[in-house]
Amino acid sequence: MLYYSTTPTAAGPLTIVVDGDGAVLASGFTADLATLAPFVDVTDLRRRDDVGDAGKAALSYLDGDLTAIDTVPVRQRAGGQFLTHAWDVLRSVPAGAPVTYREFAALAGRPPAIRAAAQACARNAAALFVPCHRVLRTDGTLGGFRWGLPVKRWLLEHERSVA
């Protein structure tokens, strides 16, 4: 069984999907469950007011504890060896210290694989918990973000103001 909750935040509604063990399978700044369909079977979701540690960690992060999300277990659909590794690497990028796609590719052990690094961000199902918002274009501009550039900007400014 999969469970979800949607919480209003300053960055917009945050929906978190967890499995029975509380691991995050998907999350995003949306109230529209259909937008999570590429990542989870939305017909199998059951609403809960509280999704446990994942929900508490997200609220703590939004309240200023930027490391609260770091230890929440995440289980994304397998995306191949590089994607899985890249998602782990994203979790090590410190809040308030964004990196470029080029730097992210190097951190992931494949410096020339800038497009693959960008693909890891694009295919990330667990936004916030796997903080792909911390990756910028090589020129330092925002680039893309599944949940919109205003949300990415808000998250980066939040981290900068707290860090």
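Trainee: Which residues are buried in H5?
Mentor: In this predicted model, Val 151, Lys 152, Leu 155, Leu 156, His 158 and Glu 159 of H5 are buried. Buried means under 20% relative accessible area, exposed over 50%, and partly exposed in between, using a 1.4 Å probe and protein chains only. Helices (H or I, at least four residues) and strands (E, at least two) are DSSP runs, numbered from the N terminus.
Trainee: How do those buried ones sit around the axis of H5?
Mentor: They fall within an arc of 155 degrees seen down the axis, so they line one face of the helix. The arc is taken from the directions from the helix axis to the C-beta atoms.
Trainee: And which exposed residues are on the face turned away?
Mentor: Pro 150, Arg 160 and Ser 161.
Trainee: What covers the buried residues of H5?
Mentor: The cover includes helix H1 (53-62), helix H3 (101-107) and strand S6 (135-136).

Trainee: OK, strands now. How do S1 and S2 run?
Mentor: Antiparallel, with five bridges joining them. Two strands pair if DSSP finds at least two bridges between them. Thr 7 stands opposite Leu 14 in S2. The two strands form a hairpin with six residues between them, and Gly 12 in the turn has a positive phi of about 120 degrees.
Trainee: What about S2 and S3, how many bridges?
Mentor: Four, and those strands run antiparallel. Thr 15 has Gly 28 in S3 as its bridge partner. This hairpin has five residues between its strands, with Gly 22 in the turn at a positive phi of about 90 degrees.
Trainee: Is S3 enclosed or open?
Mentor: Five of the five residues of S3 (residues 24-28) are buried, so the strand is largely enclosed by the rest of the structure.
Trainee: How does S1 run relative to S4?
Mentor: Parallel, with three bridges. Tyr 3 stands opposite Arg 46 in S4.

Trainee: Which residue lies over the face of Tyr 3?
Mentor: Arg 48, at 3.5 Å from the ring centre. A charge sits over a ring if NZ of Lys or CZ of Arg is within 6 Å of the ring centre and within 35 degrees of the ring normal. Arg 110 lies over the face of Phe 82, at 4.5 Å from the ring centre.

How values were computed: Residues numbered from 1 in each chain as written. Predicted model: local features only at pLDDT ≥ 70, side-chain atom pairs only at ≥ 80, totals over all residues. Heavy atoms only, no water. Contact = heavy atoms within 4.5 Å.
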